[in-house]
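Good morning, and thank you for coming. Please look at the sequence and the structure as I bring them up.

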Amino acid sequence: MQGMDPRLPRHPPPFDAFVAPARGRVQLWRLGGGLAVIFAVHFAVAAGVFALLVRLVPPGRLTAETIGDTPLVMTLLLFSFAGLALGTWGAVRLLHRRGLASLIGHGPTALRHFVLGAGALMAVNLGALALVGPRLGLEPNLAPQVWLMWLPVALVGVLVQTGAEELVFRGYLQQQLAARFASPLLWMVAPSLAFGLLHHDPVNMGANTWTVVALTGVFGLMAADLTARSGTLGLAWGLHFANNCFALLVVSPAGTLSGLALYGTPFGLDDTTVMRALLLGDLALLLAVWGGCRLVLRRG
């Protein structure tokens, strides 16, 4: 591969094979430029979506506290993450001379891992809902027929949103940093910290803000670990997809980003009693599924 430096770090298989496409162009200026391209394109697309929302949403309805509380607005917000994926494609093509598929790993294996991760977490979440849901005072949000009408496009939207984030954090960032550095502190922990901090939203999360940031960072660590052990984005993307499907399409806290959920809670993300307990319970379920996925990978 052009520009390959034999002194670049190597990692245990299959992670080494996953990182290999990044080794041709590992200069940090390329990584910095790539991140600039990614977020410039993302913000440009997001600005276009926001301009569209201003035209579609009645005055006074588009606030930080209410955005995403209707199916149309929520769908547009999910698809706005296509800009993140488009920017990532531009970054790897322009600055690293490789294709977007090189961020995913072996296609059939990634698909199998995606189905495993998504299926396992969704099954666990639905089981937990059956046990805990009756005690939460859940309220109907969308009428079932409306929810079913929006469900196909909503699933594609969550696929786009989660896939775009995985391409950036567990694909581009993790690959490029692992190609340059041997330490997991740089290729595993640093992207996970950034991933958590980008979910900082004190307007909607209130006193739970740093709890959400911390738990999102822990999810990033689990996703990065599974990516390193499997050599594909499949498991990380599958877990991310199932987690967001459940939180955005099945049961959503009252307030922002609730526009596509079948049920809602009588409390919002800023609730410091029930919501904080649910966040920690969600972490426990994720840890259980993460451990199960690691076991499956170990057994081949």
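In which sense do strand 1 and strand 3 pair, and over how many bridges? The pairing is antiparallel, and two bridges join strand 1 to strand 3, which covers residues 263-268. Please keep in mind that this is a predicted model.

Let me place that pair in its setting. The sheet is open and has three strands in the order 1-3-2, with mixed pairing. Its edge strands are strand 1, at 139-140, and strand 2, at 251-254, each of which pairs on one side only. Across from Pro140 one finds Tyr263 of strand 3. Helix 10, formed by residues 234-250, packs on this sheet and touches strand 2 and strand 3. The direction of helix 10 makes about 60° with that of strand 2.

Is His11 buried or exposed? His11 counts as buried because its relative accessible area is 10%, and the cut-off for buried is under 20%. The side chain of His11 comes to 2.7 Å from the backbone oxygen of Ala178. Residues touched by His11 include Asp16, Val19 and Arg23, as well as Phe181, Ala182 and Trp187.

Which side chain does that of Arg294 join through a polar contact? The partner is Asp225, and the distance is 2.8 Å. Leaving aside residues up to four places away in sequence, Arg294 touches Asp225, Leu226 and Arg229.

Thank you for your attention.

Methods. Residues are numbered from 1 along each chain as its sequence is written. This is a predicted model: local features need pLDDT of at least 70, side-chain atom pairs count only at pLDDT 80 or more; totals for chains, interfaces and linings use all residues. Side-chain values use heavy atoms; hydrogens and water are left out. A polar contact is a pair of N or O atoms within 3.5 Å; within protein, one must be able to donate a hydrogen and the other to accept it, and residues adjacent in sequence count only if both atoms are side-chain atoms. Contact means heavy atoms within 4.5 Å. Two strands pair if DSSP finds at least two bridges between them. Helices (H or I, at least four residues) and strands (E, at least two) are DSSP runs, numbered from the N terminus. Axes are lines fitted to C-alpha atoms, for helices over the stretch in contact, and angles run from 0 to 180 degrees between N-to-C directions. Buried means under 20% relative accessible area, exposed over 50%, partly exposed in between (1.4 Å probe, protein chains only).
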